[in-house]
Amino acid sequence: MLELKNLVFEVPVEGGVSETKRIIDDLSLTIEDGRFTVITGPNGGGKSTLAKLIMGIEQPTSGSIVFNGRDITHASITERAKLGIGYGFQQPARFKGMKVKKLLELAAGKRLPALECNEYLAKVGLCSAAYLTREVDKSLSGGEVKRIEIATILARSSQLMIFDEPEAGIDLWSFARLTETFEQIHASGTATMIIISHQERIISLADEIIVVGDGELRHRGTPEEILPQILADTLSGCPVL
């Protein structure tokens with residue numbers, strides 16, 4: 001279970017003297033194990049910052065983060081990864097000279113037989129025979145790199161998977177494969193997923209939607225409850241997506 005308690009994140013204002021801007025404003029929420037949660041909201045509302053705070057990429061100004069009963073507020077990214085938290089970037093890194101198999105082994109923290117690597121790649125819809133020896137470089141499409149990144153998160157046996165706008169910069173075919181992968185992970189019941197997204201297709205798959213705006217939790221509920229509210233806010237001139 002993930003618990004965020006009175007989380008605050010502030011950054012200095014450029015040119016200001018001891019002046020700060022609050023990006024996350026006293027936000028509290030709990031996400032139960034096994035849930036598929038989508039965090040959405042207007043651009044600049046704090047969604048990606050919230051994901052980075054959970055992963056430890058950023059450190060909160062105040063408040064606390066508790067994962068499975070353990071306070072991880074000041075834990076490093078490495079410590080959180082060892083506890084089972086994985087993170088998928090909007091634009092995953094590419095590694096010229098590194099083969100896909102080696103990247104999976106680094107994620108798992110051990111040598112992996114080809115068969116096990118094949119299984120991770122198959123789970124994200126990639127033909128393993130064609131990918132294990134390929135380099136993670138510009139020869140791969142955005143959709144391929146993102147699915148390989150998901151495979152590395154699976155190889156780490158992540159209990160909590162966080163994805164920041166996985167639909168960004170990929171084609172429609174790759175997007176369809178990604179949504180299938182998310183559905184399969186959720187159906188397996190092996191992980192909790194938090195996805196930052198504006199895409200209605202991903203939003204509609206969630207158990208729960210959390211709408212964040214101006215660093216605050218604005219709405220929370222099922223897709224059936226929240227999508228009409230999102231539409232109403234958009235029509236009123238206060239777009240949520």
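Two aromatic pairs are present in this structure, which is a predicted model. One of them joins tyrosine 87 to phenylalanine 89 in an edge-to-face arrangement, with 4.7 Å from centre to centre and 70 degrees between the planes. Tyrosine 87 is buried, its relative accessible area being 7%, whereas phenylalanine 89 is partly exposed, with a relative accessible area of 42%.

The other pair consists of phenylalanine 163 and phenylalanine 182, whose ring centres lie 5.1 Å apart; their planes meet at 50 degrees, so this pair is classed as tilted. Because phenylalanine 163 belongs to strand 9 (residues 160–164) and phenylalanine 182 to helix 7 (residues 172–188), the pair ties together parts that are 19 residues apart in sequence. Phenylalanine 163 counts as buried at 2% relative accessibility, and phenylalanine 182 counts as buried at 1%.

The table sets out the accessibility of the ring residues, together with that of an isoleucine discussed below.

| Residue | Relative accessible area | Class |
|---|---|---|
| Tyrosine 87 | 7% | buried |
| Phenylalanine 89 | 42% | partly exposed |
| Phenylalanine 163 | 2% | buried |
| Phenylalanine 182 | 1% | buried |
| Isoleucine 57 | 30% | partly exposed |

Turning to the chain as a whole, the secondary structure of the protein comes to nine helices and twelve strands. The radius of gyration is 18 Å, close to the 18 Å that the globule rule gives for 241 residues, so the chain is as compact as a globular protein of that length. Taken along the principal axes, the box filled by the C-alpha atoms is roughly 50 × 40 × 35 Å.

Of the 241 residues in the chain, 49% are buried. Among contacts with a separation of 6 or more, 66% are between residues 24 or more positions apart. The accessible surface of the protein chain comes to about 11,400 Å², and carbon and sulfur atoms account for 51% of that area.

Notes. Residues are numbered from 1 along each chain as its sequence is written. This is a predicted model: local features need pLDDT of at least 70, side-chain atom pairs count only at pLDDT 80 or more; totals for chains, interfaces and linings use all residues. Side-chain values use heavy atoms; hydrogens and water are left out. Buried means under 20% relative accessible area, exposed over 50%, partly exposed in between (1.4 Å probe, protein chains only). Helices (H or I, at least four residues) and strands (E, at least two) are DSSP runs, numbered from the N terminus. The radius of gyration is taken over C-alpha atoms; the globule rule is 2.2 Å times the number of residues to the power 0.38. Contact means heavy atoms within 4.5 Å. Accessible areas come from the Shrake-Rupley method with a 1.4 Å probe; for residues, only the protein chains shown count as cover. Rings of Phe, Tyr and Trp (its six-membered ring) pair if their centres lie within 6.5 Å; planes under 30 degrees apart count as stacked, over 60 as edge-to-face and the rest as tilted.
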